[in-house]
Amino acid sequence: MAGVPALLLLLLTFLGSHLYSAGMASAHEASMAVMTLREMAPGRYFTQWTMPPTELSYHPIFPEHCVWNAPDLNCGEKGLVGQLSFTGLGSKQSAAMIRVIAKEGPVQAYTVSAANPVVTVARDPGHDLNAWLDLANTYVNLGIDHILRGIDHLLFVLGLIWLVRGPWMLVRTITAFTIAHSLSLAAATFGWVGVPERPLNAAIALSIVFVGVEIVKLQRGQIGLTARYPWFVAFMFGLLHGLGFATALTGIGIPQAILPMALLFFNVGVEIGQLLFVLLVLALIWAHRTTQSMLPQWAAALPAYAIGSVASFWFLSRI
């Protein structure tokens, strides 16, 4: 997969514009607001932002029979059932969650996103098929959204594709990366391991710097560790990136009852987003080879230095 600097410059331009819109320092920060509803009497709730939104226009849309006069929410005898949504989704925050703390029974959580703007609130999601379909739809879309907004993760995957030689080695490398980040994502979400967010994000940035250095070495004719054993490097750093993915779930207070399924659906979404990105890169490689577009020789090293420079900036801003 080496020798495609024109492609990589094009892709880096795309990622750069995406990076600007997502915010330089928020590549792996949670992009979700959380509102908690505490039941004070049957059908009556006290509402409070437990993770405030960054957008002032962000407001919940409750079922029509409910009357919201913040902080009080009155849904009458019918209770909190029906469709739930938020205004302003997708501008600066990709998703929002409402946690319902009933006087009796487990805590329930409902998440909406720009891709899945409406969820159906039922009294007993544990036995409601539509509620479970809403759960799957919500967390799969959240996983896709999280990885596509995680520019640092995409840059790392791009660097791997650049270094890997041959389609089967690419399959092994991406598979190793997937297995590794799935393992650490599960371990962190269930609380078996924990790493402070800032040093974790700094370490993720360093992993991209490492890949950038490996690309430069390959261009100079030196076969580095990643070019020699890409699947091994992908697995080891995949463990690190999986811990980064977990920050999207651990900070929003998902009830334990739905945590395993939420984790499964979120991971499926991450894999779908990652596969889409890999397919996009492969399509660009094919287009590059078909058109035989070339850049000046001096420009061949620019993508590697661009990856390393951006990642170095991330590292310094996160420590």
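Two strands are said to pair if DSSP finds at least two bridges between them, and that is the sense of pairing used throughout this tour of a predicted model.

**The sheet as a whole**

Begin by selecting the six strands that form an open sheet, which follow one another in the order S4-S5-S2-S1-S7-S8 with mixed pairing. At the edges you will find S4 and strand S8, the latter covering residues 108-113, and each of these pairs on one side only. If you look across the sheet, neighbouring strands are turned by 25° against each other on average, with direction ignored.

**Strand S1 and its two neighbours**

Next, select strand S1, residues 32-41, where seven of the 10 residues are buried, so that the strand is largely enclosed by the rest of the structure. Towards strand S7, residues 95-101, S1 runs parallel and is joined by seven bridges, while towards S2 it runs antiparallel, and the number of bridges there is seven.

Follow the chain from S1 into S2 and you pass through a hairpin with two residues between the strands, where Gly43 in the turn has a positive phi of about 80°.

Now select strand S2, residues 44-51, and look towards S5, to which S2 is joined by three bridges in an antiparallel arrangement. Within this pair of strands, Tyr45 stands opposite Leu73 in S5.

Stay in this region and select Pro71, which is placed in the loop between strand S4 (67-69) and strand S5 (72-74). The peptide bond that leads from Ala70 to Pro71 is cis, with an omega near 10°. For comparison, most residues other than glycine have a negative phi, and most peptide bonds are trans.

**The disulfide**

The link between Cys66 and Cys75 is right-handed, with 110° about the S-S bond. Both ends count as buried because residues under 20% relative accessible area are placed in that class: Cys66 has a relative accessible area of 10%, and Cys75 has one of 2%.

**Strands S7 and S8**

Move to the other end of the sheet and select S7 together with S8, which pair in the antiparallel sense over six bridges. Ala95 can be displayed as one example, standing opposite Ser113 in S8. The two strands form a hairpin with six residues between them, and in it Gly105 takes a positive phi near 95°.

Are the residues of S8 buried or exposed? Six of its six residues are buried, and the strand is mostly covered. If you colour the strand by face, Gln108, Tyr110 and Val112 lie on one side and Ala109, Thr111 and Ser113 on the other, and both of these faces are covered.

**Helix H2**

From Thr111, step across to Asp134, which is 23 residues away in sequence and 8.8 Å away in space, taken from C-alpha to C-alpha. Asp134 lies in helix H2, residues 129-149, and it counts as buried with a relative accessibility of 15%.

**The salt bridge in helix H5**

Continue by selecting Lys217 and Glu214, whose side chains meet in a salt bridge at 3.6 Å from N to O; a search of the whole structure finds one such salt bridge. Why are these two residues about one helical turn from each other? Both belong to helix H5, residues 197-219, and they are separated by about one helical turn because they are three residues apart in it. The two partners fall in separate classes of accessibility, since Lys217 is partly exposed at 29%, whereas Glu214 is buried at 5%.

Met236 is found in helix H7, and at a relative accessibility of 40% Met236 counts as partly exposed.

Note on methods
Residues are numbered from 1 along each chain as its sequence is written. This is a predicted model: local features need pLDDT of at least 70, side-chain atom pairs count only at pLDDT 80 or more; totals for chains, interfaces and linings use all residues. Side-chain values use heavy atoms; hydrogens and water are left out. Helices (H or I, at least four residues) and strands (E, at least two) are DSSP runs, numbered from the N terminus. Buried means under 20% relative accessible area, exposed over 50%, partly exposed in between (1.4 Å probe, protein chains only). A disulfide is a pair of cysteine sulfur atoms within 2.5 Å. Axes are lines fitted to C-alpha atoms, for helices over the stretch in contact, and angles run from 0 to 180 degrees between N-to-C directions. A salt bridge is a side-chain nitrogen of Lys or Arg within 4 Å of a carboxyl oxygen of Asp or Glu.
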